[in-house]
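Please open the model in your viewer and keep the selection tool at hand.

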Amino acid sequence: MQPLIDNARTFGQRPEEFAKLAEGQSPEVLFITCSDSRVVPALITGARPGQLFELRTAGNIVPPYTTGRPTGEAATIEYAVEVLGVRDVVVCGHSHCGAVGALVRGDDLSAVPAVREWLAHAAPEPAPGRPDDPTVAEAVQHHVLAQLLRLRSYPCVEQRLRDGRLTLRGWYYEVHTGSVREHRADTDAFESL
């Protein structure tokens, strides 16, 4: 923790670099990814402060859209699309994902009931994959596509897609290599950017 504290102490010593950020934000991308500490959107994309609006959830899960019981995730998506007017939404899954791996392996999650409920609610069927594959690559890529499909059920996303003002993108990040692949509809495969 101490190195993080030390950096935080010196971080604000360059106020000229941050003054413009006080005027507001206008990111063009909503980046939905996992809470995993190995996945750092700004590092992966090279984004500077103000360029990405981020939504991080366990397993980069987009919960089903429901009325009457809004979630923090739904509010974040709606705000990014309707208020900030993002032009792209990226759902980025990653190799070695513990959430997707737990689904593929059928892990006993009784010791972590909130995690179990989250995964059961947001991903009702385990993604295909080999339980012995530590990267769970195939399962994660399938999972990313399922989250993109779920995003389409959000009214604000559906409207902007119909109007051509929004693009959805599915990415797969390899923790062990740093490479990023994007799903291509024409080949139905994840290919290098």
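Throughout this tour, buried means under 20% relative accessible area, exposed means over 50%, and partly exposed lies in between, computed with a 1.4 Å probe on protein chains only. This is a predicted model, in which local features need pLDDT of at least 70 and side-chain atom pairs count only at pLDDT 80 or more, while totals for chains, interfaces and linings use all residues. Residues are numbered from 1 along each chain as its sequence is written, and side-chain values use heavy atoms, with hydrogens and water left out.

**Charged pairs**

Select next Arg-38 and Asp-36, whose side chains form a salt bridge at 2.6 Å, N to O. Here Arg-38 is partly exposed, with a relative accessible area of 38%, whereas Asp-36 is buried at 15%.

Move on to Glu-117 and Arg-116, a salt bridge in which the closest N and O atoms are 3.7 Å apart; Glu-117 is partly exposed at 49% relative accessibility, and Arg-116 is partly exposed at 33%.

**Helix α8**

Now select residues 155–163, which make up helix α8; helices (H or I, at least four residues) and strands (E, at least two) are DSSP runs, numbered from the N terminus. Which residues of α8 are buried? They are Cys-156, Val-157 and Arg-160, and they lie on the same side of α8 because they cover an arc of only 95° around the axis, taken from the directions from the helix axis to the C-beta atoms. To see what covers these buried residues, display α4 (72–83), α7 (137–151) and β4 (167–173), which are among the covering elements. Just after α8, select Gly-164, which takes a positive phi of about 80°.

**Cysteines**

Finish with the cysteines: counting a disulfide as a pair of cysteine sulfur atoms within 2.5 Å, the model has zero disulfides. For Cys-92, the nearest cysteine sulfur is that of Cys-34, 9.5 Å away, and Cys-92 is buried with a relative accessible area of 0%. For Cys-97, the nearest cysteine sulfur is that of Cys-34, 4.5 Å away, and Cys-97 is buried at 3% relative accessibility.

Terms used. Contact = heavy atoms within 4.5 Å. Salt bridge = Lys/Arg side-chain N within 4 Å of Asp/Glu carboxyl O.
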